Structures are given as C-alpha cells and as structure tokens.
Amino acid sequence: MSNERQIQDEDLMDVAQDPEQAHRLRKALKVLANNPNVGGKLQEMAREVLSGRIGMKDAIQTPGYMDALGDRISEMRRAAEDQTMAEREESREKFAAWRKEQEAKEDEERAERDGPSGNIVTAPRRGGRGHRA
C-alpha cells in the first residue's frame, strides 16, 4: 500500500465533524490497514478508504464492512465479559497509560500542524483582502 495514493485528513470531512476528528479517523484507518491482527473485511475497508478507492461515507453504508465491524465489536464485548476483576483492573490501568501517551502524541502532532509559522511570509488567503495583523 505504500506506493498507492493516500487520502489526507481533508478527504474525510464529509463524515467528520471537524478537522481534528478527520485526523483521528485517518489515523484509526491506518492502524486498521496496517495491523496484521485485523485482517478480513475491516482491513480491506481501511485500505480501500485510505487509497481513495471508496469514500468513508460509502464504506459505512456497505453492509459487508459494517457486518465485519459489528462482529469485531461483539468479539471485544465477549472478551471483556470473560475477564476477571483483576484482569479488568489491569486493562483499565493499561488503557489509562496508553491514552495518556496517545494524548501526548496528539498534542505534539497538533502543535506541529497548527503551531506558529515563525517568520514565514504567506500569501493572502483565497477570497481574503490580504494579510491581517
């Protein structure tokens, strides 16, 4: 898939509520596409969307893809129900640590994307009246 065209965050704005959500959705699709443990229809869907061969809106309206997602969620629910209390607590702790790490990475990525441009001079925005101070 590395030689294929890859969609950008903006390409997901038809289903995302804001650019941040589009960014997180694209990252999630990349995880699904590249994780060998996913396999099957979910991995196929992620790869198809990331390559631009199918739009996310069309993917979520495709019964085979949504059935695969439902099946995976059911598997996760059953696994969670089968955990002991000690396993649940361990899972909560691991998730909290993972989430903290993810938030730090997202903050860093956001700072890189949205950070000040320094002394870079940019052209006026389209439809704008020039540079505003």
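Predicted model: local features only at pLDDT ≥ 70, side-chain atom pairs only at ≥ 80, totals over all residues.

Reader: How many helices and strands does the protein contain, and what pattern does it follow?

Author: The secondary structure comprises five helices and zero strands. Read along the sequence, the pattern is therefore made up of helices, by the run-based assignment of elements. That pattern is α-α-α-α-α.

Reader: What percentage of the residues in the protein is buried?

Author: A residue is taken as buried when its relative accessible area is under 20%. The protein has 133 residues, and the buried share of them is 20%.

Reader: Which element gives the largest share of the largest nonpolar core?

Author: The largest nonpolar core has 17 residues, and those with the most contacts inside it are Leu12, Leu29, Met45, Val49, Met56 and Ala59. Two or more residues of this core come from each of H1, H2, helix H3 (56-60) and H4. The largest share amounts to five residues and comes from H2.

Reader: Which residues does Ala59 touch, not counting residues up to four places away in sequence?

Author: Ala59 is one of the residues with the most contacts inside the largest nonpolar core. Not counting residues up to four places away in sequence, Ala59 touches Met45, Val49, Ile54, Tyr65 and Met66.

Reader: Why does Leu25 count as partly exposed?

Author: Leu25 lies in helix H1 and, leaving aside neighbours within four places in sequence, is in contact with Leu12, Val15 and Met56. The C-alpha atoms of Leu25 and Val15 are separated by 9.5 Å, the two residues being 10 residues apart along the chain. Leu25 counts as partly exposed because its relative accessibility is 23%.

Reader: Which residues lie closest to the centre of the largest pocket?

Author: The largest pocket has a volume of about 410 Å³. Of the 16 residues that line the largest pocket, the closest to its centre are Leu32, Val38, Leu42, Leu69 and Arg72.

Reader: How many nonpolar residues are in the lining of the largest pocket?

Author: Helix H1 (19-34), helix H2 (40-51) and helix H4 (63-81) each supply at least two residues of this lining. By class, the lining has two polar residues and one charged residue, and its nonpolar residues number 13.

Reader: What percentage of the accessible surface belongs to carbon and sulfur atoms?

Author: The accessible surface of the protein comes to about 10,300 Å². The part of this surface that belongs to carbon and sulfur atoms is 50%.

Terms used:
Residues numbered from 1 in each chain as written. Heavy atoms only, no water. 1 Å grid on protein atoms, 1.4 Å probe; cavity = no way out; pocket = protein on both sides within 12 Å on 5 of 7 lines; lining within 4 Å. Points joined across faces, edges and corners; volume = space filled by probe spheres on them. Helix = DSSP H or I, 4+ residues; strand = E, 2+ residues; numbered from the N terminus. Nonpolar A, V, L, I, M, F, W, Y, C, P; charged D, E, K, R; others polar. Core = buried A, V, L, I, M, F, W, Y, C linked by side-chain atoms within 4.5 Å. Buried < 20%, exposed > 50% of the residue type's maximum accessible area, 1.4 Å probe, protein only. Contact = heavy atoms within 4.5 Å. Areas by Shrake-Rupley, 256 points an atom, 1.4 Å probe, with all protein chains shown as cover.
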